[in-house]
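Thanks for coming. I will take one chain today and go through it from the overall layout down to single residues. Please have the viewer open.

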Amino acid sequence: MAICKKCGIEKPLSDFSKNKNTKSGYHSECKVDVKAYQLVNKEYLKEYQKKYQATYRIENYDKLMGYDAEWRKNNRDKVKSYVAKSNAKNPQRMKDYMKAYNQRKKNKNDQ
Ligand SMILES: [Zn+2]
């Protein structure tokens, strides 16, 4: 049994989702509360996920585009074919990537 942090009700562990990040190995909130939270924050979570994915792509942009000098040195052919393929497939997306990349660079310099 464990007491849910949110509703304060003591419930069997089967009513809690597992969570590797906590000491107990379970979420501190019961499944019902987690589900309620997800329902209420559905849009927010969706946006968050989208953002996270975009960030991941941008963060790996250096590598994908071969701006990582070390990686580029070892993967010259890969870089060339990747850039050529991407540009041909979706020029607008490459433009967006470049924009995001330059923005990120600018932010870095501002710091
Ligand atoms: Zn609860």
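I start with domains, whose bounds come from an automatic or database domain assignment. For this chain the assignment gives domain 1 (2-40) and domain 2 (42-110). Taken over C-alpha atoms, the centres of domain 1 and domain 2 are separated by 37 Å.

Two notes on conventions. Residues are numbered from 1 along each chain as its sequence is written. This is a predicted model, in which local features need pLDDT of at least 70 and side-chain atom pairs count only at pLDDT 80 or more, while totals for chains, interfaces and linings use all residues.

Confidence next. The pLDDT, the predictor's confidence in each residue from 0 to 100, averages 84 over the chain, and 94% of the residues score at least 70. Where is confidence lowest, and where is it highest? The lowest mean, 68, belongs to helix H3 (residues 61-65), and the highest, 96, to strand E2 (residues 10-11). Where pLDDT is low, the predicted coordinates should not be read in detail.

Now the secondary structure. Helices (H or I, at least four residues) and strands (E, at least two) are DSSP runs, numbered from the N terminus. The chain has six helices and four strands, and from the N terminus on the order is β-β-β-β-α-α-α-α-α-α. The chain is more spread out than a compact globule, because its radius of gyration is 22 Å, well over the 13 Å that the globule rule gives for 111 residues. That radius is taken over C-alpha atoms, and the rule is 2.2 Å times the number of residues to the power 0.38. Along the principal axes, the C-alpha atoms fill a box of roughly 60 × 35 × 30 Å.

What share of the 111 residues is buried? Buried residues make up 3%. The criterion counts other C-beta atoms, placed from the backbone, within 10 Å of a residue's own: 20 or more is buried, 12 or fewer is exposed, and in between is partly exposed. As for contacts (C-beta atoms, placed from the backbone, within 7 Å), consider those with a separation of 6 or more: 22% of them join residues 24 or more positions apart.

Two helices are worth checking for length, where the expected span is 1.5 Å times one less than the number of residues. Helix H5 (residues 76-89) has 14 residues and should span 20 Å, and its end C-alpha atoms are 20 Å apart, which agrees. The number of buried residues in H5 is zero, so H5 lies largely in the open. The count for H6 is zero too, so H6 also lies largely in the open.

Finally, three residues. Leu13 sits in the loop between E2 and strand E3 (16-18). Leaving out residues up to four places away in sequence, Leu13 touches Ala2 and Tyr26. Leu13 counts as partly exposed because it has 13 C-beta neighbours inside 10 Å.

Ser28 is in strand E4 (residues 26-30). With the same exclusion of residues up to four places away, Ser28 touches Lys5 and Thr22. From Ser28 to Leu13 is 15 residues in sequence and 10 Å in space, C-alpha to C-alpha.

Trp71 lies in helix H4 (residues 69-74). Buried, exposed or partly exposed? Trp71 has 15 C-beta neighbours inside 10 Å, so it counts as partly exposed.

Note on methods
Two residues are in contact if their C-beta atoms, placed from the backbone, lie within 7 Å.
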